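This report describes a single protein chain, moving from individual positions to the chain as a whole. Please keep the sequence and the structure in view while reading.

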Amino acid sequence: MLDRGAVSKLLSGENIKCRDVEDVTNKICNMKQDGYSTLQVLADFDYTISHCRFEKERMSSSFGALERYSGMSEEFRTKTRALYDHFYPLEVDPTIPAEEKIGLMTEWFTNSAGCIISEGVTKETVASAADSSKVKLRGKFDVFVESLQREEVPLLVFSAGVGQIIERVLSNAEISTKNVKMIANMLEFNSEDTAVQFRPPLITTGNKSKVAAEEKEYFNSNINRVNSILLGDNIEDIQMAACVRNYSRNVLTIGFLNDRVEDRLDLYKSKFDMVMLNDPDFTDILHLFECLQ
């Protein structure tokens, strides 16, 4: 039987805001009754699995790992910094309509990807950029992954970031990926190990539902996993649930609100079941998972 007292304590924590505590509690209760064998987890990477800030310092995204890497040309870093300075405030602006924002994010990602290809990055460059980057995994993410593996719960990492950077960061942190499937922007290299393109389609924060629709094999293989936990940091990350809602009994959505908190808290509470504040580690997510035992 679900310990509703433990759930209530979790949901009243300083890092969590809920739009409907009773609804969230019922979803958790349903998931517990169904068991781990019916559960899957879908998670964004940048600023969801990874920190947005750590010890008051801004961390990098997986694209940012390349864009800030000292081994890149000054021209490249100037161009990509200008793109970031222009587009990031638009990404977190709650007043921009969704369709307009999708177009803006597509423009940003396309231009950034073009800069990376034009720079002629190599496999060695990508590895060095990841190794020296300020991409910081949230604390206890490793414990969370171990818990998922122990209970044989699949984890889909669904990212608009750079796939090889994410793989390297996870490898450096010794995160086992035996139960992990990743959908991300993967660089393709020529015989000289120089990047020639990102494998199409280019994933942005605005087109995850379309990309998910092409991943029929993965979602069909988990069609009996009728309960899903979704983790993201952008409103658009909710699109990751597009291919599970048609067979899901419960989808619990959790949003990490990292920037412009006061401006966007009401919006996030209206879209996500749970909103995570203060750029926390995975302690609360781990406690949520333990409530399902």
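Leaving out residues up to four places away in sequence, Thr125 touches Tyr69 and Met72, where contact means heavy atoms within 4.5 Å. The model is predicted: local features need pLDDT of at least 70, side-chain atom pairs count only at pLDDT 80 or more, and totals for chains, interfaces and linings use all residues. Residues are numbered from 1 along each chain as its sequence is written, and side-chain values use heavy atoms, with hydrogens and water left out. Thr125 belongs to helix α6, which covers residues 123-131; helices (H or I, at least four residues) and strands (E, at least two) are DSSP runs numbered from the N terminus. With a relative accessibility of 18%, Thr125 counts as buried. Buried means under 20% relative accessible area, exposed means over 50%, and partly exposed lies in between, with a 1.4 Å probe and protein chains only.

Val126 is also placed in helix α6. Its relative accessible area is 4%, and Val126 is buried. Setting aside neighbours within four places in sequence, the contacts of Val126 are Leu66, Val121, Gln164, Ile165, Leu187 and Phe189. Val126 and Ala82 are 44 residues apart along the chain, and 21 Å separates their C-alpha atoms.

Val162 is part of strand β5 and counts as buried at 0% relative accessibility. Beyond residues up to four places away in sequence, Val162 touches Ser62, Phe63, Leu66, Asn185, Leu187 and Phe198.

Gly255 lies in strand β10, residues 250-256. Gly255 has a relative accessible area of 0% and is buried. When residues up to four places away in sequence are not counted, Gly255 touches Gly232, Phe272, Met274, Val275 and Met276. Asp233 is 22 residues from Gly255 along the chain, and their C-alpha atoms are 5.1 Å apart.

## Helix α1 and its packing

Helix α1 spans residues 4-11, and its buried residues are Val7, Leu10 and Leu11. Viewed down the axis of α1, these residues fall within an arc of 90°, so they line one face of the helix. The arc is that of the directions from the helix axis to the C-beta atoms.

Against which elements do the buried residues of α1 pack? They pack against β1 (16-18), α2 (21-34), β11 (274-276) and α12 (283-291).

## Backbone features in loops

Most residues other than glycine have a negative phi, and most peptide bonds are trans. Lys56 is not a glycine, yet its phi is positive, at about 70°. The loop between β3 (53-54) and β4 (57-58) holds Lys56, and this residue is exposed, with a relative accessible area of 84%. Glu152 likewise has a positive phi, near 60°, and is a residue other than glycine. Its place is in the loop between α7 (141-150) and β5 (155-162), and at 61% relative accessibility Glu152 counts as exposed.

A further backbone feature involves two prolines. Pro200 and Pro201 are joined by a cis peptide bond, with omega of about -5°. Pro201 is located in the loop between β8 (195-198) and α9 (208-213).

## The chain as a whole

The chain contains twelve helices and eleven strands. Its radius of gyration is 19 Å, close to the 19 Å that the globule rule gives for 293 residues, so the chain is as compact as a globular protein of that length. The radius is taken over C-alpha atoms, and the rule is 2.2 Å times the number of residues to the power 0.38. The C-alpha trace spans about 60 × 40 × 35 Å along its principal axes.

Of the 293 residues, 56% are buried. Among contacts between residues at least 6 apart in sequence, 72% join residues at least 24 apart. The accessible surface of the chain is about 13300 Å², and 46% of this area belongs to carbon and sulfur atoms; areas come from the Shrake-Rupley method with a 1.4 Å probe, and for residues only the protein chains shown count as cover.
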